[in-house]
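Let's walk through this structure together, one piece at a time. Keep the viewer open and turn to each part as it comes up.

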Amino acid sequence: MNQSKFEVWLGLLWMFLKVNMLSPSGPASIGLLYKEAVGKIMTEAQFVEAVGFSNVLPGSEALKLAMFVGFAAGGIPGVFTALLGAILPPTVLMFVVAAMLQRFQHEDWLNGFVAGLSPAVAALIVVVAWELFRASTRQKIDRRAWFIAGLSALALWSAMPSPMVLLGAGILGVILYGQRS
Amino acid sequence: MEELLPLFLIFMKVNLLSTSGPASVGLLYHEVVGKWVTEAQFVQAVGLSSVLPGSDALQLAMYIGYTVAGIPGGLVALLASILPPTVIILGVTMILHRLRREAWVSNFVEGLAPAITVLMLFTAWKIFQKGGATGWEGWTIGILSLISMLLKVPERIVVIIAALVGVFFLS
C-alpha cells in the first residue's frame with residue numbers, strides 16, 4: 001500500500017458516510033457495503049466471515065460489520081474511523097427530526113400520523129421478526145427452535161420480564177444445541 | 001440529569017441481549033414504554049428510524065434518549081448502544097480464531113433467536129392494539145402494509161404512505 005495512513009482513513013470515513021446516508025437500515029447496508037468493500041479492502045471470504053460474526057455477537061450488526069471492515073482496512077484506528085462514519089449521519093438526522101417533532105407533539109394531525117403509522121410499524125416488526133427467525137437458525141427451523149419459541153411465548157404471556165426470557169432462551173440454546181456436537 | 005444513568009443502563013442491557021438492530025425493538029418496548037415514553041412516542045420513533053437513512057437501531061435509541069432527557073439523553077443512549085459492540089469487536093478481532101471454537105457463544109445466540117422473534121410478535125401486537133386505530137381502518141392498513149412488505153416494497157415507502165393515510169383520514 002503506497003497510500004498514506006491518513007488517506008486510508010479519509011477513504012474509509014467517506015465510504016461509511018456514503019453507505020449510511022444511502023441505506024435506511026442496518027441490514028440494508030450490507031449489500032451496499034459489499035459493493036464498496038469486497039475486492040478493494042477485503043476478500044469475499046473475509047466479508048462473509050465478518051457478516052457471520054456480526055450476526056452472532058450482541059449489539060447492532062451494522063456497526064459491527066462496519067468495524068470489521070474498518071479493522072481490515074486500517075487496524076484499530078480504522079475501527080474508530082468506520083464507527084464515526086457509520087454513526088454521524090443517523091445521529092445528525094435524528095436529532096434534527098426529534099427536535100422538530102417535539103414541537104408538534106400536541107398537534108391534531110400527529111394523532112392521525114401515529115394512528116396510521118401503528119399498524120404499519122406493527123407489520124414491519126412482524127416481517128423483521130420472521131426474517132430473523134428464518135435467518136438465524138443454522139440450517140432449518142427445527143424442533144428445538146419451536147420449543148424455545150413456545151416456551152418464550154408462555155413466559156411472556158405470564159408477564160415474565162423480557163430480559164429474563166431472553167437470557168433463559170440463550171441458556172436453553174447452550175444446553176439444547178450443545179448436545180449436538 | 002438523574003435520568004441519564006438509568007437510560008445508559010437500559011440501552012447497555014438491550015444491546016447486550018439482542019444481536020441486531022431490528023431485534024432490539026421488542027426488548028426496548030418493554031423497557032421504556034410506560035416508564036419513559038408513551039406508546040405514541042415509541043411508534044413515532046420506530047416509524048421515523050425506519051424512514052431516515054442510517055442504522056435504525058441507533059436512531060431509535062437516540063430518539064428515545066432525546067425524548068427522555070433532551071440532547072444529553074440522546075447522546076447517552078447512543079453511547080450505551082455503541083459501547084457493547086465496540087468492546088466486543090475490538091476483543092474479537094484479537095481473539096477471532098479462539099472464539100470460533102467456542103461453540104457455546106453461537107449456541108447461546110441460536111437459542112436467543114426464537115425468543116427474540118416471539119418477543120417481537122408480542123410487541124407488534126401491543127403496538128397495533130394501542131395505536132388508536134384498531135377498527136377496520138387499522139386492520140386494513142396493517143394487512144396492506146404486511147402484504148406490500150412481503151412483496152418487497154421498500155419499508156420506508158410503506159411506512160410513509162401509512163402515516164400519510166393516517167394524517168388525512170384518521171385525524
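If you look at the handedness, α1(B) passes α2(B) in a right-handed crossing. On the α1(B) side, the contact is made by Ile10(B), Val14(B), Asn15(B) and Leu17(B), while α2(B) brings Ser24(B), Leu27(B), Leu28(B), Glu31(B) and Val32(B). Sorted by class, this contact of α1(B) with α2(B) has 6 nonpolar, 2 polar and 1 charged residues. Please bear in mind throughout that this is a predicted model.

Now step back to the whole of chain B. Its secondary structure comes to 7 helices and 0 strands, so to read along the sequence is to follow the pattern α-α-α-α-α-α-α. Of the 171 residues in chain B, buried residues make up 58%. As for how the chain folds back on itself, take the contacts in chain B with a separation of 6 or more: residues 24 or more positions apart account for 56% of them.

Within chain B, α3(B) is worth a visit. This helix has 13 residues and reaches 19 Å from its first C-alpha to its last, close to the 18 Å expected at 1.5 Å a residue. How much of α3(B) is covered? The helix is mostly covered, with 12 of its 13 residues buried. The buried residues of α3(B) include Phe42(B), Val43(B), Val46(B), Leu48(B) and Val51(B).

The secondary structure of chain A comes to 7 helices and 0 strands, and along the sequence chain A follows the pattern α-α-α-α-α-α-α. Here buried residues make up 46% of the 181 residues. Among the contacts in chain A with a separation of 6 or more, 50% are accounted for by residues 24 or more positions apart.

For a helix pair in chain A, find α1 (residues 5–22) and α4 (residues 61–104): their axes come within 8 Å and cross at roughly 45°. That angle makes α1(A) oblique to α4(A). The crossing of α1(A) and α4(A) is right-handed. By class, the contact of α1(A) with α4(A) has 17 nonpolar, 6 polar and 1 charged residues.

Next, bring both chains into view. How many residues of chain B are in contact with chain A? There are 91 residues of chain B in contact with 79 residues of chain A. The elements that give two or more residues to the side of chain B that touches chain A are α1 (4–17), α2 (24–32), α3 (39–51), α4 (56–101), α5 (103–130), α6 (136–150) and α7 (155–170) of chain B. Of these, α5(B) gives the most, with 24 residues. By class, the side of chain B that touches chain A has 58 nonpolar, 28 polar and 5 charged residues.

Is Ser152(A) buried or exposed? With 27 C-beta neighbours inside 10 Å, Ser152(A) counts as buried. Leaving aside its neighbours within four places in sequence, Ser152(A) is in contact with Val165(A) and Ala169(A), and also with Pro114(B), Ala115(B), Val118(B) and Leu119(B). The C-alpha atoms of Ser152(A) and Leu166(A) are separated by 7.9 Å, although these residues are 14 residues apart along the chain.

Finally, check two backbone angles. Most residues other than glycine have a negative phi. Phi of Ala159(A), however, is near 60°, a positive value. Ala159(A) lies in the loop between α6 and α7 (162–178) of chain A, and is exposed, with 7 other C-beta atoms within 10 Å. In chain B, phi of Lys152(B) is near 70°, again a positive value in a residue other than glycine. The place of Lys152(B) is in the loop between α6 and α7 of chain B. Lys152(B) is exposed, with 7 other C-beta atoms within 10 Å.

Conventions. Residues numbered from 1 in each chain as written. Chains lettered and ligands numbered in written order. Predicted model: local features only at pLDDT ≥ 70, side-chain atom pairs only at ≥ 80, totals over all residues. Contact = placed C-beta atoms within 7 Å. Helix = DSSP H or I, 4+ residues; strand = E, 2+ residues; numbered from the N terminus. Nonpolar A, V, L, I, M, F, W, Y, C, P; charged D, E, K, R; others polar. Expected span 1.5 Å × (residues − 1). Buried ≥ 20, exposed ≤ 12 C-beta atoms within 10 Å, placed from the backbone. Left-handed = near helix turned anticlockwise from the far one by under 90°. Axes fitted to C-alpha atoms, helices over the stretch in contact; angles between N-to-C directions. Parallel < 35°, antiparallel > 145°, perpendicular 65-115°, else oblique.
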